[in-house]
Amino acid sequence: MTTEALYLSPTAHLPYCRGCGHSLVVRQLSCALERLGLPPRSIALTTDIGCMGLADSLFPYVHTVHTTHGRSTAFATGMALADVIMDPQGLKPIVMIGDGGAMIGLLHLVHAAQLNIDITVLVHNNFMFGMTGGQHSALSPLNWVTATTPEGNWTPPIDLLGLLRSAHATFLARQFATSPELPGIIANAINSPGFSVVEIIELCTAYGTRWNQANGAALQEIIQRQGIPLGELETEMGRPTFRELYHHEIESPPKKRFQPAVPRINPPASLTKELRLVIAGTAGERVQSAAALLCRSALAAGLYSTQKNDNPVTQGSGFSLAEICLSPKPIDYTGMENPDVVLVVSKDGWKELQANGTIGACRDETLLVLDSEIDAIPQRGRVMRIPLRHKASPRRAALASIAAWLAKDPVLPVEAWDAVVALESVGRRGEFLAALEIGRQLAGGGPAL
């Protein structure tokens, strides 16, 4: 078996159209790997949707992953991150993607460049979506004829490498598929630490050459007209890779970090079964932050908790609500079939709970703590009306309603609240303690009906 056979199959039948640059790139990639002599099983070839994705079966001696359209860079980034964080195996992810897929997954390329993760991306730029009928892409040159631009492309092409340079990629190169320099450039890209991209200029012989009467000379003229350079571009080669930054962070002396968001208290809560609760009020009045404080207190008391928030797109108007589940056991289902407790601190909140069916789902044993301004009469449930907004203020009403409920049904020990509130800033701590005290006092003056 020859060295090259360790990468490209010696019996490979290249499945591309006659004259397609993809055949050249496949062979040049194999030559580049031969130059580097990398262990075949250290290579993860990640291919995108498109003609270049047919390369999977041509490289039987390396790992291959065929992904969804535009997502190949994201898959390769994930593999490289895992190789850094878990037990390192020296993995070398290589991505093969077309110009169409590169634009569909552009943010994945940008993010990988920002991370400076150790992957190499080969962008097959033939100026169009060749597999699906010859549609134009964001890299199609001006006046380029495609299935979707039959009179010629009107929009200027993106300079992909210029964009990735602004994202601080550490190796960028551009070359024709026919260039004898291509194997060396690909080898340099793979061997370069950090994020590397090689944009390979070629022609789609199924559509591009036929509709544009283009050949190799025309291709060179197109690149010259765009004013984009060929070869290896000057980049931030000295920039630390993600691997280097990660290990520096891990191996550095511990830094002073934020205090834990959830302390633990003893004894834990006495709750023996799941409890499902809804808090509803007006947007901008700290409904969801009060719910988060409740969940953190539950965690401090040794319970499991989940919180699901809802509010209109307009953050500062309309309703705001949170659905909470507290449980002594892991929570497998976070739905709210029948609430055990409903806390409503404004008319906006009441209106939304009626509309979404929460009020109708209440049972006879459900406790409803309602602000005194809400004059509606629920059909089911035990109702406790207290002047939350008047006594505690609208911004404290949600937290006061939680305290009022717990005063009647102390499923959480006071120590859990104290431990969580103690982590807040002095100003917020005083506000929270005041709201909690007001809620407890109101519960004493507002018995359940």
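Analyst: Domain bounds here come from an automatic or database domain assignment. By that assignment, the protein splits into domain 1 (4–250) and domain 2 (275–445). Their centres, taken over C-alpha atoms, are 53 Å apart. The model is predicted: local features need pLDDT of at least 70, side-chain atom pairs count only at pLDDT 80 or more, and totals for chains, interfaces and linings use all residues. Residues are numbered from 1 along each chain as its sequence is written, and side-chain values use heavy atoms, with hydrogens and water left out.

User: Why is glutamine 175 called buried?

Analyst: Buried means under 20% relative accessible area, exposed over 50%, partly exposed in between (1.4 Å probe, protein chains only). Glutamine 175 has 6%, so it counts as buried. The residue sits in strand β7 (residues 171–176); strands are DSSP runs of E, at least two residues, and helices are runs of H or I, at least four, both numbered from the N terminus. Contact means heavy atoms within 4.5 Å. Not counting residues up to four places away in sequence, glutamine 175 touches Glu181, Leu182, Ile185, Glu199, Ile200, Ile201, Leu230 and Gly231.

User: What makes β2 and β9 edge strands?

Analyst: Two strands pair if DSSP finds at least two bridges between them. The open, mixed sheet has 7 strands, in the order β2-β1-β3-β4-β8-β7-β9. β2 (63–66) and β9 (231–233) each pair on one side only, so they are the edges.

User: How do you know that β1 and β2 pair?

Analyst: β1 (residues 43–47) and β2 share 4 bridges in the parallel sense.

User: What makes the largest nonpolar core a core?

Analyst: A nonpolar core is a set of buried Ala, Val, Leu, Ile, Met, Phe, Trp, Tyr and Cys residues joined through side-chain atoms within 4.5 Å. The largest such set has 50 residues; Leu277, Ile279 and Trp405 are among those with the most contacts inside it. Helix α13 (residues 397–408) gives the most, with 9 residues. A second, separate core of 32 residues includes Leu8, Tyr16, Ala32 and Met96.

User: How are two packed helices described?

Analyst: The description uses the angle between their axes and the distance between the axes. Axes are lines fitted to C-alpha atoms, for helices over the stretch in contact; angles run from 0 to 180 degrees between N-to-C directions. The axes of α2 (residues 72–85) and α9 (residues 242–251) come within 10 Å and cross at roughly 35°.
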